[in-house]
Amino acid sequence: MKTTRAMKAKARMKRGGGDASGGAGRLILAIDVGGTKVEAALIDARGKVVGTERRPMVVDGSAADGLRSVREAVDAVLAHAPKRSVKAIGVSVPGWVDAEKGKVLQTANLPCWHNYPLAAKLRQIYGIPVRLENDANTAAAAEALWGAGRGYRRFFYVSLGTGIGTCMAYRTKNEWQFPASEGGHTTINFSGPLCPCGRRGCIEMYASGKAIAREAKQRVASGDAKVSLLKEMAHGNWELLKTEMVVGAAKQGDALSQEILNDACDRLAVWLGNILDILDPEAIVFGGGLAGLFMQHQERIQKTLQESAIRPNAGKIKIVKARFGAQSALMGAAALWLQTP
Ligand SMILES: [Zn+2]
């Protein structure tokens, strides 16, 4: 029989002598490790945040320095409730992780950890079971349990921000699954711009905050736009152009900015068309800092989807905005333990 991560986790919990998933009064310690800060929170089975603490994250020291930052936030939040009520720990980390082994493999924002067994370290220190996941997966878990993913059996979560994160969440008979994926680095143009990941034309190079800003810089610098609000905003220094400026200028009717955003939407839609034809989700959930922007262009995205996907009625796919914003990773870290059938 195939052993899943969830079964292993259940076996671990049995050995540890407790079920973390249910019951009032039981708390999950959720940790969101970011590039500048660690946030730790105690969250109950209904998703209510009982206490939260933030500490600075030391990312450029040793692995032990990084762990110390996490411990400071955790120790501080543990003061908010009796320690015995805390049943398990969920950790959200940006970047590449091995959830089975509880390891941080590699992440650009946390150079202190490379192949680092963070879950095992925390289990050793606090004596309770630990699950660790990538931040797109934890965000999807929060949406599955308490947010925009409720009521679906499978949905595709895409975090649209500086970069692009993905998670194809699906429900089996007993629980949700959040398999690892790096959909932001699947290409839609193999001769496109070179991505830091080493490949060309990844969707992250077209529809992320980074990409929108880059496009604006390039188009203004190339003299493409004879008249554009962006030129005024940059005062001749194109490097200053930011995604928010493009969004603001587009709202004021700036043709170049509108074109840049339309292009980003069209490319996102072509990519989503591939996703629909391969994974067949019931809904698409937009999360991340640019979710609102792309939601405003929903009609255009759906029209392009209809043309680019083979699936019948692709343009009618439900596109919904994530419920959780800045707290998605933290809530999701708790959701890893609180999912119900
Ligand atoms: Zn890439």
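The exercises below all concern this predicted model.

**Exercise 1.** Work out which protein atoms hold the zinc ion, and what geometry they form.

*Solution.* 
- Start with the donors: they are ND1 of His 185 and the SG atoms of Cys 195, Cys 197 and Cys 202. These atoms sit 2.0 to 2.3 Å from the zinc ion.
- Next, look at how the donor residues are spaced along the chain: the pattern reads H-x9-C-x1-C-x4-C.
- Now the angles. The four donor atoms subtend 104 to 121 degrees around the zinc ion, so the arrangement is tetrahedral.
- For reference, the ideal angle for four tetrahedral donors is 109.5 degrees.

**Exercise 2.** Take Cys 197 and Cys 202 and decide for each: buried, partly exposed or exposed?

*Solution.* 
- The cut-off to keep in mind is that buried means under 20% relative accessible area, and exposed means over 50%.
- Cys 202 has 0% relative accessibility, so it goes down as buried.
- Cys 197 comes out at 33%, so it counts as partly exposed.

**Exercise 3.** Describe how helix 8 and helix 9 pack against each other.

*Solution.* 
- Helix 8 covers residues 243–251 and helix 9 covers residues 255–279. Their axes come within 7 Å and cross at roughly 115 degrees.
- As for handedness, the crossing is left-handed.
- On the helix 8 side, the contact residues are Val 246, Val 247, Ala 249 and Ala 250. They meet Ser 257, Gln 258, Ile 260 and Leu 261 of helix 9.
- Sort that set by type and you get six nonpolar residues, two polar and no charged.

**Exercise 4.** Asp 280 and Asn 313 have positive phi without being glycine; find where each one sits.

*Solution.* 
- Asp 280 has phi near 50 degrees. Its place is the loop between helix 9 and strand 12 (283–287). With 35% relative accessibility, Asp 280 counts as partly exposed.
- Asn 313 has phi of about 60 degrees, and its loop runs between helix 11 (298–308) and strand 13 (318–321). At 46% relative accessibility, Asn 313 is partly exposed.

**Exercise 5.** Characterise the surroundings of Leu 336.

*Solution.* 
- First place the residue: Leu 336 belongs to helix 12 (residues 328–338).
- Its relative accessible area is 4%, so Leu 336 is buried.
- Then list the neighbours, leaving out residues up to four places away in sequence: Leu 336 touches Val 91, Arg 131, Glu 133, Thr 138 and Ala 141.
- Finally, check Ala 314: it is 22 residues from Leu 336 in sequence, and their C-alpha atoms are 30 Å apart.

Notes
Residues numbered from 1 in each chain as written. Predicted model: local features only at pLDDT ≥ 70, side-chain atom pairs only at ≥ 80, totals over all residues. Heavy atoms only, no water. Donors = N, O, S within 2.8 Å, 3.2 Å for Na, K, Ca; no water. Tetrahedral: all angles 85-135°; square planar, octahedral: opposite > 155°, others 65-115°. Buried < 20%, exposed > 50% of the residue type's maximum accessible area, 1.4 Å probe, protein only. Axes fitted to C-alpha atoms, helices over the stretch in contact; angles between N-to-C directions. Helix = DSSP H or I, 4+ residues; strand = E, 2+ residues; numbered from the N terminus. Left-handed = near helix turned anticlockwise from the far one by under 90°. Contact = heavy atoms within 4.5 Å. Nonpolar A, V, L, I, M, F, W, Y, C, P; charged D, E, K, R; others polar.
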